[in-house]
Structure formats: structure tokens, C-alpha cells
Amino acid sequence: MMQVNNEWFYEDLTPENTALLLDKMREGTGFTPGPQIPERKNAEGPQGRTTLTNVDHKVHDRDFAQAKADWIKAKEAAAAQAKK
């Protein structure tokens, strides 16, 4: 793995494609950042995605203003109960 300019990462490098990458950088072209083998996607291993394979991809949105109001209400109720 190689990081360039504290920004781009190049993974799965071999001596051959590292030399090619450096030559292309000298020419100003370079490679696409990330894995340098087509079988790999992002940071997945050779088996592909092995965890979180059945994640529900629906949007989980929360109304934080309502959650805060509910919390304040519960806090006030608990304080009132404690005074009794």
C-alpha cells in the first residue's frame, strides 16, 4: 500500500505496478486511487463482503427536536415523582 500527498491510497501493489505507477506520476497521469486489482472493491477482502450482508438499507431518520422534548418531559416527570 502507498499513500501519496497524504490523500490518495494505492493498494494491492506489486513491484511491477508500483514502478508503473511512479512512472505515470512522473508523466502526470497516475492510476485510479484504491485497489489496483479488479477483483477487489474498496477495502473488501478476496472473499468479498463477509459481514453485515443482510443489513436493512431503509432510511432511519430521527426527529431530534421531538426526542429532546420527550427527554425533557420524562426528566420533569421523574423529578416530580422524586418529590412525592
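This is a predicted model: local features need pLDDT of at least 70, side-chain atom pairs count only at pLDDT 80 or more; totals for chains, interfaces and linings use all residues.
Figure 1. The backbone of Asp12 has a phi near 60°, a positive value although the residue is not glycine. Most residues other than glycine have a negative phi.

**Figure 2. Asn17 in helix α1.** Helix α1 covers residues 15-27 and includes Asn17. The relative accessible area of Asn17 is 16%, so Asn17 counts as buried, the limit being under 20%. A polar atom of the Asn17 side chain lies 2.6 Å from the backbone nitrogen of Thr14. Arg62 is 45 residues from Asn17 in sequence, and the C-alpha atoms of the two residues are 47 Å apart.

**Figure 3. Glu11 in strand β2.** Glu11 is part of strand β2. At 19% relative accessibility, Glu11 is classed as buried because the value is under 20%. When residues up to four places away in sequence are not counted, Glu11 touches Met1, Gly34, Pro35, Gln36, Arg40 and Asn42.

**Figure 4. Trp8 in strand β2.** Strand β2 spans residues 8-11, and Trp8 lies within this strand. Trp8 is partly exposed, with a relative accessibility of 40%. Apart from neighbours within four places in sequence, Trp8 makes contact with Met2, Gln3 and Pro33. Between Trp8 and Lys83, which are 75 residues apart along the chain, the C-alpha separation is 60 Å.

**Figure 5. The whole protein chain, shown as context for the close-up views.** The protein chain contains two helices and three strands, arranged along the sequence as β-β-α-β-α. The C-alpha trace spans about 80 × 30 × 20 Å along its principal axes. The radius of gyration is 26 Å, whereas a compact globule of 84 residues would have a value near 12 Å. Buried residues make up 11% of the 84 in the protein chain; Glu11 and Asn17 are among those that count as buried. Of the contacts between residues at least 6 apart in sequence, 29% join residues at least 24 apart.

**Figure 6. Surface and charges of the protein chain.** The accessible surface comes to about 7,500 Å², and carbon and sulfur atoms account for 54% of this area. The protein chain carries 12 positive and 13 negative charges, and the mean positions of the two sets are 16 Å apart.

Methods: Residues are numbered from 1 along each chain as its sequence is written. Side-chain values use heavy atoms; hydrogens and water are left out. Helices (H or I, at least four residues) and strands (E, at least two) are DSSP runs, numbered from the N terminus. Buried means under 20% relative accessible area, exposed over 50%, partly exposed in between (1.4 Å probe, protein chains only). A polar contact is a pair of N or O atoms within 3.5 Å; within protein, one must be able to donate a hydrogen and the other to accept it, and residues adjacent in sequence count only if both atoms are side-chain atoms. The radius of gyration is taken over C-alpha atoms; the globule rule is 2.2 Å times the number of residues to the power 0.38. Contact means heavy atoms within 4.5 Å. Accessible areas come from the Shrake-Rupley method with a 1.4 Å probe; for residues, only the protein chains shown count as cover. Lys and Arg count as positive and Asp and Glu as negative; His and the chain ends are not counted. The place of a charge is taken as NZ of Lys, CZ of Arg, CG of Asp or CD of Glu.
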